[in-house]
Structure formats: structure tokens, C-alpha cells
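Hello,

Here is the structure I promised to pass on. My notes follow below it.

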Amino acid sequence: MGWAIAVHGGARDISRSLPHDRQPCEEALRQCLQIGVEALESNSPPLDVVELVVRERENIPHFNDGRGSVLRASRRA
């Protein structure tokens, strides 16, 4: 049996009509995915790969990892 990897951008909705917001997020997720794939291909332990990918995503300013939740329309978390 092989392996699989999935990376997501969280619960935030980015409208398709806002490509200037959407494109950097998608590129960042592809970067995280590539890091995970390379680590899995080099036989890194799966838990280490998860930590590696999450750590990478936490350092990307397009996401709010480690800083709080996305505000709703009412501006409340």
C-alpha cells in the first residue's frame, strides 16, 4: 500500500472572483504539498511529515495558523 497526502487552506472562503487573493494561497498550498511529497518520498516518518508541512504553513502569511480564527461577517471569531 502506498501513501497519500492532502493539504487544505482551512475554512476561509476565497471567492473565485478575487484571483489576487486566491492565487497566492493556492501557490502556498502547492509549496506545502511539494514539501510533504518530497519528505514522504525520502521515507521520512509520516508524523514528521505532518509536522514539517504544518510548520511550513504556519509561516505563510496568507493563512492564520497559530494566530487565531478567521472572522465572520459580523467581525467575530
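**Pocket and fold notes**

Helix α2 (residues 46–58) gives the largest share of the lining of the second largest pocket, six residues. Helices are DSSP runs of H or I, at least four residues; strands are E runs, at least two; both are numbered from the N terminus.

This is a predicted model: local features need pLDDT of at least 70, side-chain atom pairs count only at pLDDT 80 or more, and totals for chains, interfaces and linings use all residues. Residues are numbered from 1 along each chain as its sequence is written, and side-chain values use heavy atoms, without hydrogens or water.

Back to the pocket. In all, 14 residues line it, with Ala6, Val7, Val50, Val53 and Val54 nearest its centre. A pocket here is an open set of points on a 1 Å grid over the protein atoms alone, where a 1.4 Å probe fits, with protein on both sides within 12 Å along at least five of seven lines; lining residues have an atom within 4 Å of a point.

Now the chain. The secondary structure comes to two helices and zero strands. Of its 77 residues, 19% count as buried (under 20% relative accessible area, with exposed over 50% and partly exposed in between; 1.4 Å probe, protein chains only).

Asparagine 43 is not a glycine, yet has a positive phi of about 65°. At 68% relative accessibility, asparagine 43 counts as exposed.

Best wishes
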